[in-house]
Amino acid sequence: MSTNKFKFKEIPVDEFFQDLALYEEFSWVAKPNFRNVFLFSEIENLKDETFYKPKDIKTDPVYLAMAEVWAQNSHCRRMKVGSLIVKDKSIIADGYNGSPTGFPNECEDENFVTLSYVLHAEANAITKLAKSTQSSEGSTMYVTVSPCFECSKLIIQSGIKRVVFGKVYRKPEPLSFLLEAGLEIVKLGKKI
């Protein structure tokens, strides 16, 4: 696909998820009730598009950048991932990948294999929220890397309605799973 600037392009959902690697450098929005995924090259070109609310155009890049900063708290050497859960313009939970409370701050063994007890950023944020008085029902999760299947199941069960991320995880299948479950999915590319 050409990297020329364009306002947005529509691609059928099935076609899009079969060839997801082709669209890695682009930003996109997938909504559960739409038959197409909307690709865009620059968020500044979007104004009143029906697929992306103006308030989200303004706040999504900011919260995702905050999740990227939060990822720096991780002690993991291979990949640092950060996550925020936002509801009604307030951050209600945060998380980064790492060890559970009481375990050493190590994520990988000497061969860089992830230790079995390491929590993903999304799970860390959701479990932190579970210990509070806040509800994640209807909230948005911002995460630096798209969720795995296990985290996707937690996201669905916790009532989160939108997931915004910066990079596609090495296993992209959970994205269509989240969409099938009724969540809106937004990927913001590097140019954002």
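1. Is Glu 184 buried or exposed? Glu 184 counts as buried, at 10% relative accessibility. Buried means under 20% relative accessible area, exposed over 50%, and partly exposed in between (1.4 Å probe, protein chains only).

2. A word on the model. It is predicted: local features need pLDDT of at least 70, side-chain atom pairs count only at pLDDT 80 or more, and totals for chains, interfaces and linings use all residues. Residues are numbered from 1 along each chain as its sequence is written, and side-chain values use heavy atoms, leaving out hydrogens and water.

3. Salt bridges come next. The term means a side-chain nitrogen of Lys or Arg within 4 Å of a carboxyl oxygen of Asp or Glu. The count is eight.

4. Glu 184 pairs with Lys 31 in a salt bridge, with the closest N and O atoms 3.3 Å apart. Lys 31 sits in the loop between strand 2 (27–30) and strand 3 (36–40), and Glu 184 in strand 8 (residues 184–187), so the pair ties together parts 153 residues apart in sequence. Helices (H or I, at least four residues) and strands (E, at least two) are DSSP runs, numbered from the N terminus. Lys 31 is buried, at 12% relative accessibility.

5. Asp 56 and Lys 55 form another salt bridge, at 3.1 Å between the closest N and O atoms. Asp 56 is buried at 4%, whereas Lys 55 is exposed at 52%. A network of salt bridges links Lys 31, Lys 55, Asp 56, Asp 60, Arg 162 and Glu 184.

6. Glu 150 bridges to Lys 153, the closest N and O atoms being 2.9 Å apart. They are three residues apart in helix 4 (residues 149–157), about one helical turn.
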